[in-house]
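Please open the model in a viewer and display it as a cartoon.

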Amino acid sequence: MTDPASQPTVLFVDDDADIQSAARLLLTRRGFRVLAAHNAAEALTRVAAAPIDLVLLDLNYAPGATTGAEGLALLRDLHALRPALPVIVVTGHSGVAIAVAAMREGATDFVMKPWHNERLVTLLHDTLDRQRREARPEAPGAETDEPVLIAVSEQMRAPIALADRVAPTRAHMLLSGPPGSGKTLLARRIHARSGDAQPPLLLDADGLSALPPGHGTWVLRGIEALTSPLQRALADRLDGTAPPRVLALSALGPEELAARLPPRLWLPIEAVRISLPPLTERPDDIPALAAHFLHYFAIRHGLAEPALDAASLDALRLRPWPQNVRELRAAMERMVVLGDVTSPVSTDGERAHDNPTLAQSEQALIEAALRRHGFNVSHAARDLGLTRPALYRRMARYGL
Ligand SMILES: Nc1ncnc2c1ncn2[C@@H]1O[C@H](COP(=O)(O)OP(=O)(O)OP(=O)(O)O)[C@@H](O)[C@H]1O
């Protein structure tokens, strides 16, 4: 039997369930651990969450897509996240031109569909062997520098594409959007793609009493809260030699912000404006973000990953999310930790379980533990740190 620790892990990215299972069948039989992703967001989540040795990426994974553009964009994102990760692209009808474009973008190799089983397995082994021989230690933090940013909707993809385009320059940027919409995360991504090896300085304008020295990248949160003397000092710095690169973040709209800052500061900072919409204006992102956070927190807390059914997803889409992605993230963590019974999802779109009582939390934990252990009371009791009689008493109290 193959030792699971030595099994290479392959992530197969394809939206076609039949091709997924054909690949899984072949590769698991040949000693690989196979993980599946059906879209770009899922692929990035998996690469961020678990050690993966190689990605097999179908360039036409988006339903109906034939240009391969989606797949090429994902290839770039995967490499930004894990520069040394080998990616073998799979092409079908889109053919050789797309495969060549992918190789130019840094793909390790390509295979054509329908693939020849033996040749595919040999290619995977050869690629992994070469990877092992050539493996150079990555720069410290290289794998974690770029945060995972999940964006499926056009409303998010357009601003991110603009941010990516300007990232390698030294241009200042204004990132606006409501609280928790992802401004800080996007600033980190911009910095990770800037080529600047120094970590960015994270500054909260609120409470800042002096400008720091240096001319690296400053992520300046809540720029509207800068005192007047600091606004002037920053304008001077931006006018001087070797200025810092400022990524200014604000929850205010551009007009409101323009009214609060002197033109000497406002004009250089708003050269590139990027605006992130509230979560309610991009409901298509909600299922992808929810899946991402459930997967992430399940791994982080060592708990089972709850599944979201269609009704729960509909309810998530209808919630008002005043704190945007930050609130969705917290809701999904609660769902993983407390079990889906206390899911914040309620059909009326209210925040029914935002503050569960202690009894509700205890009941939820007990239910989750029982479910996790297939309703084996002894195992659930051990998991909960309770004696069997103590667990039975509680089950009776909660009518379980
Ligand atoms: N598109 C996304 N994909 C994955 N995680 C996200 C995304 N957007 C936001 N998050 C997560 O949501 C949380 C809030 O995001 P972030 O701190 O970037 O928001 P912000 O707009 O800077 O908020 P604030 O203005 O309140 O400081 C963070 O944990 C971040 O990692």
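In what order do the five strands of the open sheet stand, and is the pairing parallel or antiparallel? In this predicted model, the order is β7-β8-β9-β6-β10, and the pairing is parallel.

Select next β7 (201–204) and β10 (273–275), which stand at the edges of the sheet. Each has a single partner strand, so one side of each is left without a neighbour in the sheet. Across the sheet, neighbouring strands are turned by 20° against each other on average, direction ignored.

Within the pair, Leu-201 stands opposite Trp-218 of β8.

Now bring in the helices that pack on the sheet. Helix α6 (residues 154–166) touches β6 (173–176), β9 (245–250) and β10, and its direction makes about 150° with that of β10. Helix α7 (residues 183–192) lies across β6, β7, β8, β9 and β10, and runs at about 165° to β9.

Finally, select helix α2 (residues 40–49) together with helix α11 (residues 285–301). Their axes are 10 Å apart, and the helices pack at an angle of about 15°, which makes α2 roughly parallel to α11. The crossing of the two helices is right-handed. To see the contact, show the side chains of Ala-41, Thr-45, Arg-46 and Ala-49 on α2, and those of Ala-288, His-292, His-295 and Ile-299 on α11. Coloured by class, the contact of α2 with α11 shows four nonpolar, three polar and one charged residues.

Key. Residues are numbered from 1 along each chain as its sequence is written. This is a predicted model: local features need pLDDT of at least 70, side-chain atom pairs count only at pLDDT 80 or more; totals for chains, interfaces and linings use all residues. Side-chain values use heavy atoms; hydrogens and water are left out. Axes are lines fitted to C-alpha atoms, for helices over the stretch in contact, and angles run from 0 to 180 degrees between N-to-C directions. Helices (H or I, at least four residues) and strands (E, at least two) are DSSP runs, numbered from the N terminus. Angles under 35 degrees count as roughly parallel, over 145 as roughly antiparallel, 65 to 115 as roughly perpendicular and the rest as oblique. A crossing is left-handed if the near helix is turned anticlockwise from the far one by less than a right angle, and right-handed if clockwise. Contact means heavy atoms within 4.5 Å. Ala, Val, Leu, Ile, Met, Phe, Trp, Tyr, Cys and Pro count as nonpolar, Asp, Glu, Lys and Arg as charged, and the others, Gly among them, as polar. Two strands pair if DSSP finds at least two bridges between them.
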